[in-house]
Amino acid sequence: MSATAPPAAPDRTTDERLLRTSPLRKLLGRPELGSVVGAAAVFIFFSIVADSFLRASSLSTVLYAASTLGIMAVPVALLMIGGEFDLSAGVLVTTSALISSMFSYQMTANVWVGVLVSLLVTLAVGVFNGFMLTRTKLPSFIITLGTFLMLTGLNLGFTKLISGTVSTKSIADMEGFESAKKIFASEHTFGDVTLKVTILWWFALVALATWILLRTRFGNWIFAVGGGADAARAVGVPVNRTRIGLYMGVAFAAWVSGQHLLFSFDVVQSGEGVGNELTYIIAAVIGGCLITGGYGSAIGSAVGAFIFGMTSKGIVYAEWNPDWFKFFLGAMLLLATLLNAWVRKRAEASK
Amino acid sequence: MARARTGVRALGAVLAAVLGASLAGCSSTGGKRAEDARKAQAAGRSAVTTPRWTFAMVTHSGDGDTFWDIVQRGAEQAAVKDNIKFLYSHSDEGQQQAQLVQAAIDKKVNGLIVTLAKPDAMKAVIAKATGAGIPVITVNSGSEQSKAYGALTHIGQDETIAGEAVGDELDKRGRKKALCVLHEQGNVGHEQRCDGAKKAFDGEMQNLYVDGTNMPDVQASIEAKLQTDASIDSVVTLGAPFADAAVQAKKSAESKAEIDTFDLNPKVATALQAGTLGFAVDQQPYLQGYQAVDLLWLYKYNADVLGGGRPVLTGPQIITEKDAAELEEYTDRGTR
């Protein structure tokens, strides 16, 4: 079975779902295949042009860069498969970190209390996005653009109002900080390689999302809603609840990233996070998600994040002239995506 | 729909419960209570009886920038002392900054403080202000254009001189290979700092551009650079928040480089004392805001002008371990 297969042509005499497919064909039909080839190409490229790229310590840095992006790319990809966008995802990460930090500080509460309050408020923002979307029937682009602007303003306004400055106060000396840091921002050394805990969070989220997409009823609902909401509703899929659930997924991941931001730097700048929402969407798109919805995978988003991490850090390892940094980044991303699209087209043609 | 509404209500109930529980789950260390305990009294009241003039300050700051928050604080406290009504606005787009200046002119303010980070965009509107008889003082950036545009005085740090101070300090510390971390690509002042440092530094200096709005990415980029080139023995960041990211990157990359930074904040002050940072270059943003308001007042009251047409420098002041202790209290209250 492959829930991710594109819709069959209607004029087939035999039901295509009953056709036997070889394992190779099945592999070629996976949405992340193109991005895997792209990732391999980027990897080989930087292995050749940058001497230090292949070192274990370098790869762990690339993995860290990919993981902080990848944690958010997973739910953003699911949301895109469900046919929607979330432009508020970048600043929501900052919001989540600000809430934990300021709540703990102002209430002089155990840090964990702030972390839990932050989870609730962040999820509430996700519910708000989903609820507004299903209630108003406005495009998600407009709804979440509104949320994005409101959150950006609230982040600044509240931080200034409560802390008196535009960044939060340090909570590093408060109770519960050490244990929370272990969960959200610790490092683990294996031999001479140091891996950040965000990599574990990332892998866990990818595994969870893949299981949801391919093995649960909710996963089928996501594909159905993204493929065609009206058709899905007609066959009894709870479209609204699915969408609200997807936005809550984004909110949950934003909470995880936000706590990582807070516990690795213990002070949060209220103006951060703007622009990152696009990076998450880029990772999902490189990973094979269609912007129109109904097609994509969680593993693909992880590969997309990995390509982004390799490219942005590979340029540093290769010691290219920094004046051209953004150009290189853009060109590499474009090439990876083109290769991805080409491989997918070939794969679909061979069916 | 009903289901979603009960969901929201349930969420509210849980939130209320957690808020209640938080009073029980208190932290005995740190937090707001500790701050209140050491709260410094920095507010004051008017010291003069001159009429209540209105001064406007329009900067090129982006949203939520700690540096500009301190500038604003300095200006506000000088305004309280000088019996001034103080208006502040900002935009990081040159055109919008010019529109904000125009709005201040329309309001017929008695004095104007502007930054010239994008001088060409500001030229016309400043001519309008001086034409309308409003005295203008430029702060922070634009020391070259200030006089030509008709401003009374420029108050700020010369970025090239500040960069040179960093280069000299690195030489003094016997450094050979340094990294200059720029967190805003295309910012002229940032380039000037790194160029100044490069010029004065006897060793080799490289630039590294990072994405300032994404802290984990800043850290990973510096980490990547340190891993590529183990001979880098010092890293200079151009803003206080990035110094901390550099310290963490150094730890992960197991590098021996010394981390130095421009600008101050509470974490930088603590890190200087702990020895995790080598030195910080302060341009005293509080002074830039405070002096601008105070000098405008002096001009209106006594026709005083400072600097004789040359910029009045507020920096660079090099801060090391031994100065950090006495500054910690001031960085905590947000005036240094």
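Axes are lines fitted to C-alpha atoms, for helices over the stretch in contact, and angles between N-to-C directions run from 0 to 180 degrees. The views below come from a predicted model, in which local features need pLDDT of at least 70 and side-chain atom pairs count only at pLDDT 80 or more, while totals for chains, interfaces and linings use all residues. Residues are numbered from 1 along each chain as its sequence is written, and side-chain values use heavy atoms, with hydrogens and water left out.

**View 1. Helices H9 and H11 of chain A cross at roughly 100 degrees.** The axes of H9 (residues 217-227) and H11 (residues 239-265) of chain A come within 10 Å, where helices (H or I, at least four residues) and strands (E, at least two) are DSSP runs numbered from the N terminus. The angle makes H9(A) roughly perpendicular to H11(A), a term that covers 65 to 115 degrees. Contact, meaning heavy atoms within 4.5 Å, involves Phe218(A), Trp221(A), Ile222(A) and Val225(A) of H9(A), together with Val239(A), Thr242(A), Arg243(A), Gly245(A) and Leu246(A) of H11(A). These residues divide into six nonpolar, two polar and one charged, with Ala, Val, Leu, Ile, Met, Phe, Trp, Tyr, Cys and Pro counted as nonpolar, Asp, Glu, Lys and Arg as charged, and the others, Gly among them, as polar.

**View 2. Helices H10 and H12 of chain B pack at an angle of about 155 degrees.** With the axes of H10 (residues 266-274) and H12 (residues 321-332) of chain B 8 Å apart, H10(B) is roughly antiparallel to H12(B), the term for angles over 145 degrees. On the H10(B) side the residues are Pro266(B), Ala269(B), Thr270(B), Leu272(B) and Gln273(B), and they meet Glu321(B), Ala324(B), Ala325(B), Glu328(B), Thr331(B) and Asp332(B) in H12(B). The contact residues divide into five nonpolar, three polar and three charged.

**View 3. The peptide bond from Gly315(B) to Pro316(B) is cis.** Omega of this bond is near 0 degrees, and Pro316(B) is found in the loop between strand E11 (312-313) and strand E12 (317-319) of chain B. Most peptide bonds are trans.

**View 4. Glu254(B) and Gln284(B) are shown for their positive phi values.** Glu254(B), with phi of about 50 degrees, is placed in the loop between helix H9 (240-253) and strand E9 (258-262) of chain B, and is exposed (over 50% relative accessible area, 1.4 Å probe, protein chains only) at 60%. Gln284(B), with phi near 50 degrees, is found in the loop between strand E10 (277-282) and helix H11 (285-302) of chain B, and is buried (under 20%) at 19%.

How values were computed
Chains lettered and ligands numbered in written order. Parallel < 35°, antiparallel > 145°, perpendicular 65-115°, else oblique.
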